Protein chains: 2
Amino acid sequence: MTTEYSGGSDPKRIMELLWGAPERTRRGPKPRLSVEQIVAAATAIADAEGLAAVSMRRVAERLGVTAMSLYTYVPGKAELLDLMLDRVCAETAKPDDVPGGWRPRLELVAREAWALYLRHPWLLHLATNRPVLGPNLIARYDYELRAVDGTGLTDVEMDLVVQMVGDYVHGAVRGALAAATLPVDSGKTDDEWWAELSPLLEKVYDADRFPVATRVGAAAGQEYSAPLDPARAFEFGLARLLDGVAALIERR
Amino acid sequence: MTTEYSGGSDPKRIMELLWGAPERTRRGPKPRLSVEQIVAAATAIADAEGLAAVSMRRVAERLGVTAMSLYTYVPGKAELLDLMLDRVCAETAKPDDVPGGWRPRLELVAREAWALYLRHPWLLHLATNRPVLGPNLIARYDYELRAVDGTGLTDVEMDLVVQMVGDYVHGAVRGALAAATLPVDSGKTDDEWWAELSPLLEKVYDADRFPVATRVGAAAGQEYSAPLDPARAFEFGLARLLDGVAALIERR
DNA sequence: CGCCTATTCTGTACGGCGTAGAGAGTTAGG
DNA sequence: CCTAACTCTCTACGCCGTACAGAATAGGCG
C-alpha cells in the first residue's frame, strides 16, 4: 500500500536516505553514483561558492551526469539539503571525557558548533523549518544534552539550554561572517565602504537623533573589523550565556 | 526553502530609498505607484504566503502593473527586501519610560522583537549579509542600546548584549514556528505525524544509543506542542539570558 | 504654441531554476 | 530468453530575476 503525499515528500524515503537504505538486490543497470557522492559533491560546491551555487544542474555537472539522473537517488533538492546538513554534523568532535562538569562540556559544544559554521558557512542559510531526524543530528543532540544531564535541570530545561546555546552560536557566526565578508565581496575595504557611505548617512540623519547608536556602532564596528575579535566576542557572549545557565543550575 | 539575500548594489540609491528621496520635479509621465505602495504590497504577500511567494511578477500583478515597471522604483529584488525589513521595524513600540532599570527595558526589547517575528515570520528567512542602514533599523538599534546604557558596560559590551538578545529571539521564534507549522503544512496533526514516523525511526535506531535525546526530545516535543508553551519557553530562556547579563553588570 | 528630452511603463527575451514525463539502454529473475 | 525493474537522457513546462528596445507621457524651453 502506498500513501499519497501531496504537499511534503515521503517521510519513509528520506528516512531511508538519512539512515542508509538496506541494500536490496537491484534489477536494472548498476548505479553509476551513490547518494554519498551526490551529497559530497553538493557540499563541496556549497563550501566553495555558497548555497546559492548549489543547483541540481551544477551538482550533476560536477558528477558528469544529467540533472534528472540525480532524482533516481534523491527525491528532490530539499531532501538533498537535509542530507548535506546531517552529513556535516558528523564532523563535530564529541569526546566523552571532558573534565570539569557541565560548563566545560557546554563550552565545547558551543565551540564545536562555531567551528562547524566557519567550515561550512552555508549552514547559516539553511532554513531548518522541519526537524531533520538524521543519525548525526540526533547523535549531536544527544551529545549536547548529555553536557547538562545530571545537573538537576528538568528535561524541558535541558532542551531549552541546549537550544539557547545553539541559537547563540548561530547568531554570533552570522555577525562574525557579515563583518568578515562585508569588505570582501563588495571589492572595497572596510574603510572605503564606510568612507563612501558615511557622507550619505550624514546628509540624511543627524547623529543627535541616535546618539547611542552612533557611538556604540562605531565602537562595535572597530572591534569586529579587528583581526581576531569576532572569536573573542563569541567567547565573551558565551561566558555571559553560561553565567545565566549557572544561575539556574545553582538554584536547583 | 532557503534564505533570501538582501543588500548589494549602489549604496547611494538604496540610501535614498530607505530614507526617502528628496522630491525632485520630474519630467516624464506621473508615476502610477510609489515605493511605499510596492513595499507594502510585497510585505502583504510575504505575510500571507511567505517569502517564497514574493516575486517581482507577483508584486507587480497585485499592483496592476508589469514586473519590469517595478524597476523604475527599485533597483532590484534585494533592495525591495531591504525596504521591507526596514519598514516592518517601524512597528515595534519604543516607550521611553519603562520603569525598573535595564532589565525590564531589555525584556521589552526582546518581547517586541518576538511579537514582530510572529507578525512577520518571513523575517526569519531574511539574511542581511551587509547592514541595512535604514531609519527604522537604526532607530531600533539605538532604542535597544539605550536599554543597557548607563549600566557601566563598555560600548562593545553593550553591542554584544543587544546582539545576544536579538539572536536569542531569532532562534526561539524559529523553534516555536517550526513546532507550530510542522503539522499544518503537512496536513496532519502532530500525533499523526509522529505515529507515522516513529515506527520508521525505531526500525533504524535503537533508543539505547541515544537515551538522553530520546527522553528529552519526547518531553520537549510535548511541551512545545502544548497550546501556549512556546511563549513560556521563550520567557524562560530570556530570563536565563538576562541572568547572565545581570552577572556581568553587577561585576562592574 | 511645439519641440526636446527625461521619465514611466510595456513587451519580449535570455539564461537560470526545480522537476514532470516519455523513452532509450541495461541487467537480474522467471 | 523474455520481461520487468531499474538507471539515465532528452525535452519541456512554468517559474524566477532582469536586460533591452521601444511606445506613451509630460515638464522645460524656444
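**Walking through the model**

Analyst: Let's start inside one chain: Phe234(B) is buried, with 2% relative accessible area. Keep in mind that this is a predicted model.

User: Ok. What does Phe234(A) look like, buried or exposed?

Analyst: Phe234(A) counts as buried too, at 3% relative accessibility.

User: How many aromatic pairs are there over all chains?

Analyst: Four, counted over all chains. One of them is Trp114(A) with Phe234(A), a stacked pair with 4.2 Å centre to centre and 15 degrees between the planes.

User: And which helices do Trp114(A) and Phe234(A) lie in?

Analyst: Trp114(A) is in helix H5 (residues 102-119) of chain A, and Phe234(A) is in helix H10 (residues 229-251) of chain A, so the pair ties together parts that are 120 residues apart in sequence. Trp114(A) counts as buried, with 12% relative accessibility.

User: What about chain B?

Analyst: There, Trp114(B) and Phe234(B) form a stacked pair, 4.2 Å centre to centre with 15 degrees between the planes. Trp114(B) lies in helix H5 (residues 102-119) of chain B and Phe234(B) in helix H10 (residues 229-251) of chain B, so this pair also ties together parts 120 residues apart in sequence. Trp114(B) is buried, at 11% relative accessible area.

User: Back to chain A. Which residues do ring pairs link into a cluster?

Analyst: The cluster is made up of Trp114(A), Tyr168(A) and Phe234(A).

User: Which charged end sits over the ring of Phe236(A)?

Analyst: That of Arg240(A), 4.8 Å from the ring centre. In chain B, the charged end of Arg240(B) sits over the ring of Phe236(B), 4.7 Å from its centre.

User: Zooming out a bit, how many helices and strands does chain A have?

Analyst: Chain A has 10 helices and zero strands. Of its 252 residues, 46% are buried. If you take the contacts in chain A between residues at least 6 apart in sequence, 73% of them join residues at least 24 apart.

User: New topic, then. How many degrees of rotation superpose chain B on chain A?

Analyst: The rotation is 180 degrees, with 0.0 Å of shift along its axis, and the RMSD is 0.1 Å. That is the relation of a two-fold axis.

User: Why do you say the copies meet through the same surface?

Analyst: Because 93% of the interface residues of chain B are also interface residues in chain A.

User: How many residues are in contact there?

Analyst: 68 residues of chain B are in contact with 70 residues of chain A.

User: And what area do chain B and chain A bury between them?

Analyst: About 6,300 Å², with 70% of it on carbon and sulfur atoms. On the chain B side, Trp19(B), Arg174(B) and Arg240(B) lose the most area to chain A, together 9% of what that side buries.

User: How many salt bridges does the rule find across the interface of chain B and chain A?

Analyst: Eight of them.

Methods: Residues numbered from 1 in each chain as written. Chains lettered and ligands numbered in written order. Predicted model: local features only at pLDDT ≥ 70, side-chain atom pairs only at ≥ 80, totals over all residues. Heavy atoms only, no water. Least-squares fit on C-alpha atoms with pLDDT ≥ 70 in both. Contact = heavy atoms within 4.5 Å. Phe/Tyr/Trp six-rings, centres within 6.5 Å; stacked < 30°, edge-to-face > 60°. Helix = DSSP H or I, 4+ residues; strand = E, 2+ residues; numbered from the N terminus. Buried < 20%, exposed > 50% of the residue type's maximum accessible area, 1.4 Å probe, protein only. Lys NZ or Arg CZ within 6 Å of the ring centre and 35° of its normal. Buried area = accessible area lost by both parts, 1.4 Å probe. Salt bridge = Lys/Arg side-chain N within 4 Å of Asp/Glu carboxyl O.
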